[in-house]
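I am opening my notebook on one protein chain. I will look things up entry by entry and write down what I find.

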Amino acid sequence: MASISDIGVGAAINILSAFAFFIVFALLRIQPVNDRVYFPKWYIKGLRGSPLSNGAMVGRIVNLDFRSYLKFLNWMVAALRMPEPELIDHAGLDSAVYLRIYLLGLKIFVPIACLAFTILVPVNWTNGTLEHSSLNYSDIDKLSISNIPVGSRRFWTHLVMAYVFTFWTCYVLRKEYENVALMRLHFLASENRRPDQFTVIVRNVPPDPDESVSELVEHFFLVNHPEHYLNHQIVYDANKLSKLVEEKKKMQNWLDFYQLKRSRNQSKRVTVKTGFLGLWGDKVDAIDYYSSKIESLSKEISLEMDKTMNDPKSIMPAAFVSFKSRWGAAVCAQTEQSRNPTIWLTEWAPEPRDVYWDNLAIPFVSLAIRRLIAGVAFFFLTFFFMIPIALVQSLANMESIEKTAPFLRPIIELKFVKSVIQGFLPGIALKIFLIVLPSILMLMSKFEGFISRSSLERRSATKYYIFLFVNVFLGSIITGTAFQQLNNFLHQSANDIPKTIGVSIPMKATFFITFIMVDGWAGIAAEILRLRPLIMYHLKNFFLVKTEKDREEAMDPGNLEFNTGEPRIQLYFLLGLVYAVVTPLLLPFIVIFFGLAYVVYRHQIINVYNQEYESAAAFWPDVHRRVIVALVVSQLLLMGLLSTKEAAQSTPLLIALPILTVWFHTFCKGRYEPAFVRYPLQEAMMKDTLERAREPNLNLKGLLQNAYVHPVFMHDEDEVETETDSEDWQKEPALVPTKRQSRRNTPLPSKLSGPSSSSRFEVDGGVS
């Protein structure tokens, strides 16, 4: 078993690694040549000029101000200096609230750690239970609940602390939920006008033999929302067209590359092989080859665009419908449109940047089947991944390695090597296994058919969290227990096995401490270094950049990547809450992670990341829910552990904790979650009234006309119908034109068909 000295070596390695990353980052960030790598957000906003344009040649590349090298940690102070309201204006509410997840961790675990070290650690340490047992243990385990003798009255201390930790966590969660809900409503009320505030997406439009989808949508909303409907944009299956446009962009990049190469050496002819990946085939002039490719693709794109716009099979039974007011959009998005609840399904439209256009082409009726298939696939992925996790866990046990490879015994018995293996390798090996996982989970989420990037990331985050919970947390405990205690299982009675498992659960704290140091400390420090974007920027800058615009496009600001970042944060919440009562020694490592991550990500959000969309913190209910899950899991595991300790009097009192926690979650869900899934009509009317008072001649049609046109159509303005009359939308709605022969779904007569005795209502003067 790993000792405190082994953990100390691992901690030293990770602290030195993190410090080395910070030193390298501090030196790289102040070099003028790297300015666009470490401050891209300011360039995107147009608030920062390139330092390469001034000064001597050496000064453009290397920072010659030696005083700046003495202040290499000033970036931490600068990251904390910007107040939150200014941060919201600068980076958006999503980014500001994402940072509050780290603050939530600090608010929860700093007081818990202080209480645990003041009360629980002395209670655990002053026993000799493990010293007189046959179990494998370490000095760390002496600080855990495993060191309390069976049936001891000291378990009342752990019971009381479990209640205190639960109540404190719930209090902090409720306050944070309330604050974020208020921040969201204030943000929605104060932010600038956006198309998604006035737009809903309608799906599963029923087919009609007499009208096209566009005519049907216009007719339906003019009839059912006559005073609020403004316009609509039908949805095309433009996936093939998108692929052609992307292919053309790639060809254009290669053409730019070879043109730049020729401009540097006019006397040399640039050539390329036409075979696979340019490895074989005929050697031809590169510029002529890619020019012909682009010309051919342009013709193909033009033909495909005409086909997409005019082929009825390319028109999906869905549309983006815009309204004259936020109130009208809110009513439509939050009410049922038809007596048949399976058609005319409406919901808030994502903001245009947030739309994932590829999935709009998926038929709505196939979504349930797709999600069932993805669910089954995810189940098998989750549980078959237990095999490599088990192999990783064996690295944490010296005996397992010696049995597998006895010839390595002389090497691994060296104190330093042994400390590195147990304090560093298990965490880094597990992290390598998890690198490819987010891409697989995102593909599954895309297959399920979600239509916005934010919902894709939230769905993928849910999968990732479940995966981490099953494989990293439960898998590490179960497989770790089996490896460490196999000898004990074989040499004891069946009645003693549950006790051994119960005692062994806190013994996995050693592995999780190393994982926190590798994934948390060193991983966060590596994040700020941005090694990959740094290398890619300089490669692009050297080979492809010709103009200042090219240099801007070579920047890779990145984004928060909620689908991977938030589940990893939640894993630390889970570990902290589970081990707060069981092994308090883990808590300082959790606190350091949250503090370090808060500073690093605040710096990245201010200077680097450029969010692709804004969801107004729609993800917070997921954050709250997962912390609640972690809290309930910690309570259930503590109940199981105490049941092996013959704490018959104290264990039943723990049953109330999960019940109270679930009740608390139900209360918060009913009180605060509606602010994240619905837009209050009162807020919508207030915003509309103020806007009409300030801008009585506002032309909303100009804002909304092309907001939800597929991006592949936007480069050709002739393909997109535009209207400039700002007064038409304010007029009373006219009678609804229709080509229908049937009147079953037409409560009002139309211009084309005129009044009819089969109409349900008459327009002029009652029933004849």
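**Entry 1: two alanines in a loop**

I began with Ala617, which is buried, at a relative accessible area of 0%. Buried means under 20% relative accessible area, exposed means over 50%, and partly exposed is in between, with a 1.4 Å probe and protein chains only. I found Ala617 in the loop between helix 27 and helix 28. Its phi is near 60°, a positive value in a residue other than glycine.

Next I checked Ala616, which lies in the loop between helix 27 (587-607) and helix 28 (620-643). Phi of Ala616 is near 55°, again positive in a residue that is not glycine. Is Ala616 buried or exposed? Ala616 has 1% relative accessibility, so I list it as buried.

**Entry 2: ground rules**

I noted that the model is predicted, that local features need pLDDT of at least 70 and side-chain atom pairs pLDDT 80 or more, while totals for chains, interfaces and linings use all residues. Residues are numbered from 1 along each chain as its sequence is written, and side-chain values use heavy atoms, with hydrogens and water left out.

**Entry 3: the whole chain**

I looked up the elements: the chain has 32 helices and six strands. Helices (H or I, at least four residues) and strands (E, at least two) are DSSP runs, numbered from the N terminus. Of the 768 residues in the chain, 51% are buried.

I then turned to contacts, meaning heavy atoms within 4.5 Å. Among contacts between residues at least 6 apart in sequence, 79% join residues at least 24 apart.

I traced an open sheet of four strands, in the order 2-5-1-6, with antiparallel pairing. Its edge strands are strand 2 (229-236) and strand 6 (345-348), and each pairs on one side only. Neighbouring strands of this sheet are turned by 25° against each other on average, direction ignored. Two strands count as paired if DSSP finds at least two bridges between them. Strands of a sheet pair through backbone hydrogen bonds, either parallel or antiparallel.

How many bridges join strand 1 and strand 5? Strand 1 (residues 199-203) pairs with strand 5 (residues 315-323) over five bridges, in the antiparallel sense. Ile201 stands opposite Phe320 in strand 5, and Val202 stands opposite Ala319 in strand 5. Strand 1 and strand 6 are also antiparallel, over four bridges. Arg203 has Leu345 in strand 6 as its bridge partner.

I checked the cover on strand 1 too. Five of its five residues are buried. Thr199, Ile201 and Arg203 are on one side, Val200 and Val202 on the other, and both faces are covered.

**Entry 4: nonpolar cores**

A nonpolar core is a set of buried Ala, Val, Leu, Ile, Met, Phe, Trp, Tyr and Cys residues joined through side-chain atoms within 4.5 Å. The largest one has 133 residues, and Tyr102, Phe473, Leu575, Tyr579 and Trp620 touch the most other members. Helix 8 (residues 93-125) gives the largest share of this core, 15 residues. Apart from this core lies another, of 24 residues, among them Ile234, Ala238, Tyr290 and Ile294.

I listed the contacts of Tyr102, leaving aside its neighbours within four places in sequence: Ile569, Phe593, Phe594, Ala597, Tyr598 and Tyr601.

**Entry 5: rings**

Rings of Phe, Tyr and Trp (its six-membered ring) pair if their centres lie within 6.5 Å; planes under 30 degrees apart count as stacked, over 60 as edge-to-face and the rest as tilted. By this rule I have 38 aromatic pairs. In one of them, Tyr236 and Phe713 have ring centres 5.4 Å apart and planes at 80°, so the pair is edge-to-face. Tyr236 is in strand 2 and Phe713 in the segment after helix 32 (700-704), 477 residues apart. Both Tyr236 and Phe713 are buried.

Ring pairs also link a cluster, whose members include Tyr98, Tyr102, Phe109 and Phe562.

**Entry 6: two last residues**

Ser460 lies in helix 21 (residues 453-490). It is buried, with a relative accessible area of 1%. Leaving aside its neighbours within four places in sequence, Ser460 is in contact with Pro438, Leu441, Met442, Ser445 and Asn563.

Phe72 sits in the loop between helix 5 (66-69) and helix 6 (74-81). Its relative accessibility is 26%, so I list Phe72 as partly exposed. Phe72 and Phe25 are 47 residues apart in sequence and 8.9 Å apart in space, C-alpha to C-alpha.

Methods. Axes fitted to C-alpha atoms, helices over the stretch in contact; angles between N-to-C directions.
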